[in-house]
Amino acid sequence: MALFVDHLWRKIDQSRAAFPFLAALETRFPEGEIYLVGGAVRDLLLGRETKDFDFLVRGIPAEKLRDFLKLHGKVNWVGKNFGVYKFAPHGAVLEEQIDIALPRTERAFLKGGGGRRDFEVQSDAALPVEEDLRRRDFTVNAIAADLRKKSLVDPFGGGNDLKAGLLRAVGDPAQRFAEDSSRLLRALRFACQFQFRFEEKTWTALRAAIGALNAKREDGSEIVPREIIAKELIKAIVSDPVRAFDLWDESGAFAELIPELLRMKGCPQPEIYHTEGDVWIHTRLALSVLASPVFQAEFQQPYDAETALAVLFHDIGKPYTLQTPERDGVDRIRFNGHDQIGARLAREIAARLKLSTFTKGSRYHVNEEALAWLIEKHLILVQGEVDQMRAATIEKHFLNPQRPGHKLLHLIFCDGSATVPPSGSPQLVSYRRLRERITGMEAMAASRARIPAPLLSGEEVMALLGIPPGPEVGSVLALVREEQLSGRLTDREGAIAFLKKQRTGPA
């Protein structure tokens, strides 16, 4: 990978303009040293953008630094010895506060630790910056940019590892992972986000330590919070679905956290529909479609976490419902009800791993019920001919603002594109016809500025036909709605005449 050093310093100069307190800090404390550290340095060296500016300040006592920052914004001190100020400068509009830290050392203090909170942290304004970098997780995150000197401090070769696309732990990888087990999943996520390869010793240590993800403290609490696991899984699979799928499998993370998925390995499929292989191979192929240029050309919009997880879990119910001619006497391999079982399993996994941890509106947010609904409905094209599907059914599943219909379409496309019949070419005829019908209904809705409201209410149907509340009312409403969405009824009077004609029969 190329390093964009000029990009780094240009962005740092822009941050100086955006954050005047930096220049004021240098003027007030000429003996002080200010460094940009962490992921921001890594991202900028890779030519990426960043909003995550973390600064390390050396040579200025904590009290003096705090008093200075109070003059320039709002300050929150994080922990007695943690040595980090959360800082919001006056006049700056930020998504998150800026971290301004003193150099720190860390050591694990709980027997059988491995959690982020199992550390004793000691800040020291006089500590060399190299010692602060020594406590960090990976070499690519252990680079500091000296703002005053415009030079890089890189004691562990993080720059060379960035060039090589290599993810290497700082120091002893087994020790780094033992200190904080969440680093195991962070490593997998970085590999997906940045297409890093693993340095051999780091990968070996990661695989050996992966069982710590389910470790608990003596009080029964989980060392690695499920919310952290959810965030790392979601960011990884959104960044690169196939690489995340492979790395979570090869590392043992699936075996520890989502063992239900592993039953897809070796689960056969009927070759009349699936020559691509077993359920595991089919799922991997569907994930590859999700991240492909073909998907982008088809939908002109990026997928999100809910869609990615729906593709991951859409056939998770197949191994639980497998029937074979040899064992069960069926005509071919079948998976009756796997959509329902899969929805239940996905709901259980989402609750167990707290997959809804990201805020609503984020690309990473997952609604557990929406995820289960997508899996439950992913066979809608298999269960009937598209041309025979009622317009009201299409409206209910794909045009209802209360349902993620566009994501269901994404899932159907990925599933269909990964289903390879003996001809060798996926058959998307039904999908294409479905899109045509949806487009036609959307065009009709656009001409009226919205999907038209129903022409009659249940009360009106009961009054017109003299029938009591019950299933018959719903059937009549569905019939009228079908005629309306098909364009054969356009107003209330026509609907009333239609019902009267249905009641009396043809003249």
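In what order do the seven strands of the open sheet stand, and what is the sense of their pairing? In this predicted model, the order is 3-4-5-2-1-8-9 and the pairing is mixed. Strand 3 (73-78) and strand 9 (151-153) are the edge strands; each has a single partner strand, so one side of each lacks a neighbour in the sheet. On average, and with direction ignored, neighbouring strands of this sheet are turned by 30 degrees against each other.

Within the sheet, strand 2 (residues 54-58) is paired with strand 5 (residues 98-101) in the parallel sense, over three bridges. Phe55 is placed opposite Ile100 of strand 5. Helix 2 (residues 21-28) packs on the sheet and touches strand 1, strand 2, strand 4 (84-89) and strand 5. The direction of helix 2 makes about 150 degrees with that of strand 1. Helix 1 (residues 5-18) lies across strand 1 (33-37), strand 8 (144-146) and strand 9, and runs at about 60 degrees to strand 8.

A helix-helix contact was also examined. Helix 8 (residues 182-194) packs with helix 9 (residues 200-209) at an angle of about 130 degrees, the axes being 10 Å apart. Angles over 145 degrees count as roughly antiparallel and those from 65 to 115 as roughly perpendicular; helix 8 and helix 9 are therefore oblique to each other. The crossing of helix 8 past helix 9 is left-handed. Leu184, Ala187 and Leu188 of helix 8 make the contact with Trp203, Leu206 and Ala209 of helix 9. By class, this contact has six nonpolar residues, with no polar and no charged ones.

Terms used. Residues are numbered from 1 along each chain as its sequence is written. This is a predicted model: local features need pLDDT of at least 70, side-chain atom pairs count only at pLDDT 80 or more; totals for chains, interfaces and linings use all residues. Side-chain values use heavy atoms; hydrogens and water are left out. Two strands pair if DSSP finds at least two bridges between them. Helices (H or I, at least four residues) and strands (E, at least two) are DSSP runs, numbered from the N terminus. Axes are lines fitted to C-alpha atoms, for helices over the stretch in contact, and angles run from 0 to 180 degrees between N-to-C directions. Contact means heavy atoms within 4.5 Å. Angles under 35 degrees count as roughly parallel, over 145 as roughly antiparallel, 65 to 115 as roughly perpendicular and the rest as oblique. A crossing is left-handed if the near helix is turned anticlockwise from the far one by less than a right angle, and right-handed if clockwise. Ala, Val, Leu, Ile, Met, Phe, Trp, Tyr, Cys and Pro count as nonpolar, Asp, Glu, Lys and Arg as charged, and the others, Gly among them, as polar.
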